[in-house]
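Hi everyone, thanks for coming. Please bring up the model on your screens, and we'll walk through it together.

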Amino acid sequence: MSLKSLDKQHAQRRQTYRAVLDNPFTNEGSLWPHVRDQQQVWELIQTVLLTRCRALADAEVPASEWPLGVTTSFNKIISLLQGEDSNSDQAEEGPLLLLVCNKDRGVSSVMLQQIPLLTYMSPYAVTLVQLPRGALPAIQTQLKSDCPEGLLLTWGGELQSLLTQIATKIDPPHLPWLDHVRFEPTALKLLKTTAPLKKSVEKTGKK
Amino acid sequence: MKPMAKGSKHVENGVLLTPPPRNIGNKEHFQRINHLYQLAVWHTISGNDGGEQALARLYAKNMDSVSKRTRAETLPQLKRTICKKCYRILVPRKTMRVQTNLGCLQLVCSCGSVRSFPVHMDRGYRCHAERDENLISI
């Protein structure tokens with residue numbers, strides 16, 4: 001037995017629990033709209049949307065000539081959702097569909113925290129869909145782009161049929177605190193931490 | 001992982017494991033903070049407070065003072081929704097703008113202060129309090 005493993009058996013710190021207050025409104029469970037039959041929705045998106053994008057990318061059609069708009073740039077997505085992009089009327093061409101890979105690793109949690117709120121506050125009708133684990137590499141392959149934020153926003157009249165099929169399987173976004181605030185009970189949680197076992201050495205000379 | 005029995009002691013990686021406490025002391029401080037936060041949100045959302053959101057900011061500042069004074073901590077997810085400079089509740093399209101700049105996520109408050117999160121350094125990073133294994137619901 002090595003010295004390191006022996007050292008691990010000898011306790012140097014103890015586990016402690018600190019009470020912390022969670023956000024009463026925006027817990028992860030209620031932020032994202034629930035998707036029923038997620039696998040079917042994902043297959044539908046792959047066959048209708050992603051294969052089409054792949055075919056257009058393979059044919060080297062310029063992005064401006066695509067029949068549907070696609071973007072993975074975070075800043076562009078945000079400006080479209082916030083209605084800041086007044087020069088382009090992309091968002092008015094048809095419904096918006098926002099695909100989010102929130103279950104994949106490598107997607108920032110701070111960034112994801114903003115998305116449901118932005119979608120809800122958007123002046124346009126945005127359908128937010130959370131994708132299953134492993135969707136991010138598939139999107140990267142099909143679009144031939146990095147898609148670093150794990151977000152894909154599409155718009156255009158051609159999406160209408162896809163959206164009507166998806167809409168029955170996705171719950172509408174539910175953020176009641178943005179419309180009518182009602183008092184929520186205190187959401188207390190315990191945070192696991194550690195503290196040293198040994199007491200601090202008293203100052204010398206103090207009697 | 002099995003729940004630990006009361007009085008049982010187990011050492012793992014040099015840490016003496018103990019069961020979680022059944023009660024939490026000073027619950028009223030957390031309740032006060034929770035109430036102040038919800039008041040601040042309500043005044044921000046309802047918009048009956050004018051563009052300056054003076055009352056909402058007052059509640060949020062009071063909440064921060066109570067939290068610091070009583071050492072009643074809040075999770076980072078909650079703290080990220082409050083501007084550190086003017087104590088506005090950050091709601092997109094109302095009091096905040098979101099953007100990325102050189103890979104950093106920036107939350108720009110309507111007071112002008114910018115909060116940067118360098119997400120490009122490690123995209124999968126989650127702080128200690130954000131990891132599910134470190135949080136226990138009561």
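A word on the ground rules. This is a predicted model, so to speak of local features we need pLDDT of at least 70, and side-chain atom pairs count only at pLDDT 80 or more, while totals for chains, interfaces and linings use all residues. Residues are numbered from 1 along each chain as its sequence is written, chains are lettered from A and ligands numbered from 1 in the order in which they are written.

Let's look at chain A. Its secondary structure comes to seven helices and six strands. Reading along the sequence, you get α-β-α-α-β-α-β-α-β-α-β-α-β. Of the 207 residues in chain A, 27% are buried. Buried here means that 20 or more other C-beta atoms lie within 10 Å of the residue's own; 12 or fewer is exposed, in between is partly exposed, and the C-beta atoms are placed from the backbone.

Now to chain B and its sheet. Which order do the strands take? It is E4-E5-E6, an open sheet of three strands with antiparallel pairing. Strands pair when DSSP finds at least two bridges between them. E4 and E6 of chain B are at the edges with a single partner strand each, so one side of each has no neighbour in the sheet.

E4(B) and E5(B) share six bridges, and B:Arg97 has B:Val108 as its bridge partner in E5(B). The two strands form a hairpin with two residues between them, and B:Leu102 in the turn has a positive phi of about 55 degrees.

E5(B) itself, residues 104–109, has alternating side chains.

How do the chains meet? The contact takes 48 residues from chain A and 44 residues from chain B, where in contact means C-beta atoms, placed from the backbone, within 7 Å. Nine residues of chain B's side, the largest share, come from H1(B). That side has 25 nonpolar, 14 polar and five charged residues; Ala, Val, Leu, Ile, Met, Phe, Trp, Tyr, Cys and Pro count as nonpolar, Asp, Glu, Lys and Arg as charged, and the others, Gly among them, as polar. Strands take part as well: E1 of chain A, residues 13–21, pairs with E3(B) in the parallel sense over two bridges, and A:Val20 has B:Glu73 as its bridge partner.

Last, the largest nonpolar core has 56 residues, and among the members touching the most others are A:Leu98 and B:Ala40. Such a core is a set of buried Ala, Val, Leu, Ile, Met, Phe, Trp, Tyr and Cys residues joined through C-beta atoms within 7 Å.

Notes:
Two residues are in contact if their C-beta atoms, placed from the backbone, lie within 7 Å. Helices (H or I, at least four residues) and strands (E, at least two) are DSSP runs, numbered from the N terminus.
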